[in-house]
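Here's a set of exercises to work through with the coordinates open in your viewer. Try each task before you read its solution.

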Amino acid sequence: MKRSLCILFVSFLLGCLYVADTPFTVHLTAQEAVQKERAPIQLETVTVFLRGAGLSKQEGIYEWVDRAVRSASAEGFVPPKDISVVFQENADPDFRDGASISIVFNPKIISLSPHEGRAPTQLEKVTIALDGEEVFKQEGIYEWSCKAAQLVIEWFPIFDKIFETEEFIPGNEITLRFRRMDGVANASGTTIRISDNWVLRQSRQDFGMVAHEMIHIVQRYGGRGGTSIPGWAMEGVTDFARHAYYEPDVVMRRNGPNDTYRSSYQVTGGFFMWIEHVYDKEFVKKLNQHARNRTWPDDVFEKYTGKDAETLWKEHNEFLQTIPDNRILPSRDFGREKLGNTYSITQR
Ligand SMILES: [Zn+2]
């Protein structure tokens, strides 16, 4: 299999003055496509711009760009046709620690069918920002960030449909910022910030974290003037969706003796899964509607199950005693094409 010729035009933008400089060509060798579900999209041309006076003067930057493009290809990242990849100094006001690189993709490639209702929202702009020399020169960061970009390109439309509510369309761009920072990751607005040390040194396979943060951006509960969903419930809905749809094979963590229904993340997410299984299979869908419409009811559990939270929590934990390993697993047969709450609680 022969990958089409990829041409890189590298040019400079010095200040506001655009100077087209000597372009050079890189020949890439095709790798086996990693994607199993659709034919790989072949690149016809890739136009690479290297912008910003500071960036173009970076020592070794041309070699870095060349290696980045080659290694992304080798990792099986298949960007859509007709993209421009722009390496530029970024202008994030939060970041003042030297040069950063932004790589901008303009995808619009997913076909989701069948789907009911409106068409899934597609990302039209995905930016990878590598903040700081210590980050963008780190071995493997470009490959990792490209995989993360591919994940959000593929899954954003799917989660948009899962969380679809009337008269609400999420934004169509995401920025993935990798930087040296405490913690793992966070999301605000349309930006996901990720610790480069976490993904390269601590947990190289933690793409579930990217899915979690992306779900927050799809939900956009904080948009349009704040939200009324409590934080623990928001994280519960998010981890519910992550584990029911994105990684149904991953076992959610066990409830500990000090956990409550408000322990957030996987504990609350597992609790919601159980409520759907036993009481109301559209429970999370309703929570999502309340969160988006800012109509969160204080008696949300009573309203949809007829029981208060404490009673439900007790029942939930009694149920967990009856299944091996105290574990809830969403069904494995949930396909990404099947949009809806079709999972069930199974045993392993
Ligand atoms: Zn979260």
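**Exercise 1. Is Glu167 buried or exposed, and how many other C-beta atoms lie within 10 Å?**

Before starting, some housekeeping. Residues are numbered from 1 along each chain as its sequence is written. The model is predicted, so local features need pLDDT of at least 70, side-chain atom pairs count only at pLDDT 80 or more, and totals for chains, interfaces and linings use all residues.

Step 1: get the rule. A residue is buried if 20 or more other C-beta atoms lie within 10 Å of its own, exposed if 12 or fewer, and partly exposed in between, with C-beta atoms placed from the backbone.

Step 2: count. Glu167 has 6 other C-beta atoms within 10 Å, so it is exposed.

Step 3: Glu167 sits in the loop between H4 and E9. Helices (H or I, at least four residues) and strands (E, at least two) are DSSP runs numbered from the N terminus.

Step 4: check the backbone. Glu167 isn't a glycine, yet its phi is positive, near 55°.

**Exercise 2. Which class does Tyr265 fall into, and what is its phi?**

Step 1: Tyr265 has 17 C-beta neighbours inside 10 Å, so it counts as partly exposed.

Step 2: its phi is positive, about 45°, although Tyr265 is not a glycine.

Step 3: as for location, Tyr265 belongs to helix H8 (residues 265–278).

Now try Ser263, in the loop between H7 and H8. Ser263 has 19 C-beta neighbours inside 10 Å and therefore counts as partly exposed. Going by C-alpha atoms, Ser263 is 9.4 Å from Glu235, with the two 28 residues apart in sequence.

**Exercise 3. What span should helix H6 have, and how far apart are its end C-alpha atoms?**

Step 1: the expected span is 1.5 Å times one less than the number of residues.

Step 2: H6 (residues 207–219) has 13 residues, so it should span 18 Å.

Step 3: compare. The end C-alpha atoms are 19 Å apart, which agrees.

**Exercise 4. Which residues of H6 are buried, and what do they pack against?**

Step 1: the buried ones are Val210, Ala211, His212, Glu213, Met214, Ile215, Ile217, Val218 and Gln219.

Step 2: these pack against several elements, including helix H4 (141–162), strand E9 (173–179) and helix H7 (231–246).

Step 3: zoom in on Met214. A contact means C-beta atoms, placed from the backbone, within 7 Å. Setting aside neighbours within four places in sequence, Met214 is in contact with Val152, Trp155, Phe156, Phe159, Ile174 and Ile192.

Step 4: turn to Phe156, which lies in helix H4. Phe156 has 25 other C-beta atoms within 10 Å, so it is buried. Pro120 is 36 residues from Phe156 in sequence, and their C-alpha atoms are 8.6 Å apart.

**Exercise 5. How many residues does the largest nonpolar core have, and which have the most contacts inside it?**

Step 1: define the core. It is a set of buried Ala, Val, Leu, Ile, Met, Phe, Trp, Tyr and Cys residues joined through C-beta atoms within 7 Å.

Step 2: the largest one has 59 residues, and Ala149, Val152, Phe159, Leu176 and Met214 have the most contacts inside it.

Step 3: H4 gives the most to this core, 12 residues.

Step 4: the core takes at least three residues from each of domain 1 (7–219) and domain 2 (231–346). Those bounds come from an automatic or database domain assignment.

**Exercise 6. Which strands does E9 pair with, and how do they run?**

Step 1: two strands pair if DSSP finds at least two bridges between them.

Step 2: strand E8 (residues 125–131) and E9 run parallel, joined by six bridges. Here Leu130 stands opposite Phe178 in E9.

Step 3: E9 and E11 also run parallel, with five bridges. Phe178 has Ile194 as its bridge partner in E11.

Step 4: check burial. Five of the seven residues of E9 are buried.

Step 5: finish with E10 and E11, which run antiparallel with four bridges. Ser188 has Thr191 as its bridge partner in E11. Their hairpin has two residues between the strands, and Gly189 there takes a positive phi near 60°.

Technical notes:
Two residues are in contact if their C-beta atoms, placed from the backbone, lie within 7 Å.
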